Amino acid sequence: SSLIKNLYEKIKGMFIDKEVLTFTELVSSDKKEDKLLTFIPLLHLANESKVNLEQDHHFGEIKIELIRKPYY
């Protein structure tokens, strides 16, 4: 889907100068719709092993890590 692809490109661009990204940094809006339209594609990216998601406690900040595939 284009939502997933666009989100992945956005995440890759944000990782040029950082190691860990938070969900709050990724979604600058406080609107529930914007958060949902980011969260669902983010789950797809995690399922495809393109990102790793970590959350220390319920309703806590979600940390996003880009999974970089080695080049052979």
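Guide: We start with helices and strands: helices (H or I, at least four residues) and strands (E, at least two) are DSSP runs, numbered from the N terminus. The expected span of a helix is 1.5 Å times one less than its number of residues. This is a predicted model: local features need pLDDT of at least 70, side-chain atom pairs count only at pLDDT 80 or more, and totals for chains, interfaces and linings use all residues. Residues are numbered from 1 along each chain as its sequence is written, and side-chain values use heavy atoms, with hydrogens and water left out.

Visitor: How do you know what span is expected of H3, and what span does H3 reach?
Guide: H3 has 16 residues, and at 1.5 Å a residue 22 Å is expected. From first C-alpha to last, H3 reaches 22 Å, close to that value. H1, with 13 residues, reaches 18 Å, close to the 18 Å expected.

Visitor: Why is Thr38 called buried?
Guide: Buried means under 20% relative accessible area, exposed over 50%, and partly exposed in between (1.4 Å probe, protein chains only). Thr38 has 13% relative accessibility, so Thr38 counts as buried. Its place is in helix H3, residues 32–47.

Visitor: What does Thr38 touch?
Guide: Contact means heavy atoms within 4.5 Å. Leaving out residues up to four places away in sequence, Thr38 touches Leu7, Phe23, Leu26 and Val27.

Visitor: Which backbone oxygen does the side chain of Thr38 reach?
Guide: That of Asp34, at 3.0 Å. A polar contact is a pair of N or O atoms within 3.5 Å; within protein, one must be able to donate a hydrogen and the other to accept it, and residues adjacent in sequence count only if both atoms are side-chain atoms. At the start of H1, a side-chain oxygen of Ser1 comes within 3.2 Å of the backbone nitrogen of Leu3.

Visitor: What makes the buried residues of H3 line one face?
Guide: Thr38, Pro41, Leu42 and Leu45 are buried in H3. Seen down the axis of H3, they fall within an arc of 110°, so they line one face of the helix. The arc is that of the directions from the helix axis to the C-beta atoms. The face turned away carries the exposed residues Lys32, Glu33 and Asn47. What covers the buried residues of H3 includes helix H1 (2–14), helix H2 (23–26), strand E2 (51–55) and strand E3 (62–66).

Visitor: And which residues are buried in H1?
Guide: Ile4, Leu7, Tyr8 and Ile11. They cover an arc of only 100° around the axis, which puts them on the same side of H1. On the other side, Ser2, Lys5 and Asn6 are exposed.

Visitor: What makes a nonpolar core?
Guide: It is a set of buried Ala, Val, Leu, Ile, Met, Phe, Trp, Tyr and Cys residues joined through side-chain atoms within 4.5 Å. The largest has 15 residues; Leu42 and Ile64 are among those with the most contacts inside it. H1 gives the most to this core, with four residues.

Visitor: How do you know that E1 and E3 pair?
Guide: Two strands pair if DSSP finds at least two bridges between them. Two bridges join E1 to E3, and these strands run antiparallel. Leu21 has Ile64 in E3 as its bridge partner.

Visitor: Why are E1 and E2 called edge strands?
Guide: The open sheet has three strands in the order E1-E3-E2. E1 and E2 each pair on one side only.
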